[in-house]
Amino acid sequence: MKKNVLFILLLAVANVCFAQRIVDKLDRGLVAQKASRGVFLSWRIWGEEYYDVSYHVYRDGVKITDAPLDVSNFTDTGGTISNSYAVAAVVRGVEQEPCQAVKPWASSYKEITPKHDASLLSTYVPNDACCADVDGDGELEILLKYDNHSEISQSYPKYGPTVNGVVTREHSLLECLKMDGTVLWWVNCGPNMGDFQN
């Protein structure tokens, strides 16, 4: 009996010791965008950087911050959209390698034009989306569900919508896109994704 109790206690302690959250290993996620007075920068603080870490900003390879920043954003009043920017973490006084340089966006948003597989005939409308590092490269990808407008407009026909008289068997899609709109893969979700089925 004592051995069983001891085993259970050891098992409980082991679970606590290894109960660490698994997270994506993401890149710095630096974004630069044209602002009313220069270029606004924002970047990601990694979970392990929360304490004793600050940041330097580089414009075209030249450091433009006199002292390390203890925040994750900066406005370069002398910047233009022709410049490029990088950020380097300073960990306990030791500066790390700068992240990959980025060019500023001309506006406050980024427009992506997805290109569906040429074999798809139906009309698709973006619906739900989320982000994750799907391919492990440190950059976030977009997981985007599309409703098949052709299917909806035909009241969810049992065998899929028709396009030019041809039954397509095309239903809702789930696509994985890079941030530039490149489609990594897509899945036809089948008829059960629709709200109303025959």
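In the predicted model, the backbone nitrogen of Asp-135 lies 3.4 Å from a polar atom belonging to the side chain of Glu-141. Glu-141 itself is part of strand S9, which covers residues 141-148. The relative accessibility of Glu-141 is 0%, and this residue therefore counts as buried, the limit for that class being under 20%. When residues up to four places away in sequence are left aside, the residues touched by Glu-141 include Cys-130, Cys-131, Ala-132 and Asp-133. Val-134 and Asp-135 are also among these contacts, as are Cys-176, Leu-177, Lys-178 and Leu-184.

Thr-168 counts as buried because its relative accessibility is 15%. Not counting residues up to four places away in sequence, Thr-168 touches Leu-121, Ser-122, Pro-161 and Val-163. Between the C-alpha atoms of Thr-168 and Glu-151 the separation is 9.7 Å, with the two residues 17 residues apart along the chain.

In soluble globular proteins, nonpolar side chains tend to be buried together. The largest nonpolar core of the model holds 17 residues, of which Leu-30, Leu-41, Trp-43, Val-57, Tyr-85 and Val-87 touch the most other members. At least two residues of this core are supplied by each of strand S2 (38-42), strand S3 (53-59) and strand S6 (85-91). With 5 residues, S6 provides the largest share of this core. Another core lies apart from it and has 7 residues, including Leu-120, Tyr-124, Ile-142 and Leu-173.

The pairing of strands was considered last. Strands of a sheet pair through backbone hydrogen bonds, either parallel or antiparallel. The antiparallel pairing of S1 and S2 extends over 5 bridges. The bridge partner of Ala-35 is Gly-38, in S2.

Terms used
Residues are numbered from 1 along each chain as its sequence is written. This is a predicted model: local features need pLDDT of at least 70, side-chain atom pairs count only at pLDDT 80 or more; totals for chains, interfaces and linings use all residues. Side-chain values use heavy atoms; hydrogens and water are left out. Helices (H or I, at least four residues) and strands (E, at least two) are DSSP runs, numbered from the N terminus. Buried means under 20% relative accessible area, exposed over 50%, partly exposed in between (1.4 Å probe, protein chains only). A polar contact is a pair of N or O atoms within 3.5 Å; within protein, one must be able to donate a hydrogen and the other to accept it, and residues adjacent in sequence count only if both atoms are side-chain atoms. Contact means heavy atoms within 4.5 Å. A nonpolar core is a set of buried Ala, Val, Leu, Ile, Met, Phe, Trp, Tyr and Cys residues joined through side-chain atoms within 4.5 Å. Two strands pair if DSSP finds at least two bridges between them.
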